[in-house]
Amino acid sequence: MKHLLSAADLTLDEVNGILDLAEEMHQVQTRPVKKLPALRGRTVVNMFFEDSTRTRSSFEIAGKWLSADTINVSGKGSSTSKGESLRDTMLTLDAMGVDAFVIRHSSSGAVAQAAGWVKAHVVNAGDGQHEHPTQALLDAYAMRRHFREHDAEGWAGKRIAIVGDLLHSRVVRSNVLLHRTLGSEVVLVAPPTLLPTGVETWGCEVTSDFDAVLGECDIVMMLRVQRERMAGGFFPTPREYADGYGLTLERLERLKDDAAICHPGPMNRGVEISSEAADAANSLVLEQVAAGVAVRMSVLYHLLGGSDEGGQA
Amino acid sequence: MPADSTDPARVIIDSDELGRALARMAHQLLEANHGAENLLLLGIPTRGVPLARRLAGLIAEIEDRTVPVGSLDITMYRDDLRRNPTRVVGRTDVPGSVDDAVVVLVDDVLYSGRTIAAAFDAVRDLGRPRAVRLAVLVDRGHRELPIAADAVGRRIQTAADERVRVRLAETDGVDEVTISRGAL
């Protein structure tokens, strides 16, 4: 693997390889010495041109626990604030001999474009409203563990509802692509104003009636209502959004017994998810966060763990 | 190398002999340790793991006490990671703690010694054992590092271009060790 730009880049074997290794990496989190030497001497640059706590810190921890040297470059405080282009910033760092870039950028497609400029490996840590492949991988990791605990392993026949602001979400696109590879069923739920154009071509069931699909889903993934959208005329009030599309206490009680709840965070409690649902026994929210480091360690190892000729032994 | 230039594989240890070799190894370990106290067997994937389990079974029969068994993957500690395509990482599963235990590393073939050197580093990240011992089914020589095994099933003379292959019932459906010349 040279880059991870889109969830669609991964074959089923590669997805399973990443998730399996993440299981091993997860164990490292519980050790007194949280360090593996696999990426000693490699340098990973985190370039985050958009705010992020969990993604940036988990990539940084993942790199450090694999013994890579990690540095952070943010939009503010770097030469980009003096007007340097993304391309020049990256070429500068590439010339220093870094091995990988982990990039978050507010423009859809910026990361894929950047991958063409540099010799180093590139990981997409979220580009605009396009994709966030490592989020989809860690979601799948948390779901897979949940299915295993309930003796229901395997993706075939699993029904996963993704609910909320599909229009502005990169998480949903990466999840749809990943689950196409895994072979599970995705049903997309959103108010008509928050459905992306062309969603009917994604190959998923699409509905605006959450209650109609609620009782038949194995996973309910609630997407964050982005604060800036609340005043954007996409729905009347947060309260009305919660009534139609929030995982309220009343809806929580109608989920299947072994269904689980996901949320990529950060959560707006009381809007898309009630506190009861966020803290429920079948909520995977904290598992998703814990999985973030393990899955990103696995991704970095798959990209940087071998010789630069790539391929899999 | 074309396939027809390779010798057919020759069986050097069959199923019965493999069983006796393991029994010998179990006795060697128990003698050196004056019993089974504090022993912790860690198999190195792939075939070191079933070998460690069998040794634990034999020790349990001899001493009438169970010893903990686990697996220790050393892929990420290899000194040749950067020289090969990305390697698949195996399972590390250590029961309890290695602190103050007598850790016995178990592997199928001892050759250059580099795997075992990597295993020392892996153990060190897990804690501080009282001692680390090494048990191998086959010692084929050609060491590149100052490493020796404490328990050996069989020492064999090999040429560097020969290939020693251990097959076990758990992983390959049959217990045998073969030697062949040339390509895989």
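Q: How many residues does the contact take from chain A and from chain B?
A: This is a predicted model, and in it the contact takes 19 residues from chain A and 17 residues from chain B.

Q: Which helix of chain A gives the largest share of the side that touches chain B?
A: That's helix 1 of chain A, residues 12–28, with three residues.

Q: And what's that side like by class?
A: The side of chain A that touches chain B has eight polar, seven nonpolar and four charged residues.

Q: OK, new topic. How is chain A divided into domains?
A: Domain 1 of chain A covers 7–132 + 289–304, and domain 2 of chain A covers 133–288. Their C-alpha centres lie 25 Å apart.

Q: How many residues does the contact take from each of those two domains?
A: There are 26 from domain 1 of chain A and 24 from domain 2 of chain A.

Q: Which element supplies the largest share on the domain 1 side?
A: Helix 12 of chain A, with seven residues. Helix 1 and strand 4 (121–127) of chain A each supply at least two residues there as well. By class, that side of domain 1 divides into 15 nonpolar, seven polar and four charged residues.

Q: Stepping back, how many helices and strands are in chain A?
A: Chain A has 12 helices and nine strands.

Q: What radius of gyration does chain A have?
A: It's 19 Å, which agrees with a compact globule, because one with 313 residues would have a value near 20 Å.

Q: How much of chain A is buried?
A: Buried residues make up 47% of its 313 residues.

Conventions:
Residues numbered from 1 in each chain as written. Chains lettered and ligands numbered in written order. Predicted model: local features only at pLDDT ≥ 70, side-chain atom pairs only at ≥ 80, totals over all residues. Contact = placed C-beta atoms within 7 Å. Helix = DSSP H or I, 4+ residues; strand = E, 2+ residues; numbered from the N terminus. Nonpolar A, V, L, I, M, F, W, Y, C, P; charged D, E, K, R; others polar. Domains from an automatic or database assignment. Rg over C-alpha atoms; globule rule 2.2 N^0.38 Å. Buried ≥ 20, exposed ≤ 12 C-beta atoms within 10 Å, placed from the backbone.
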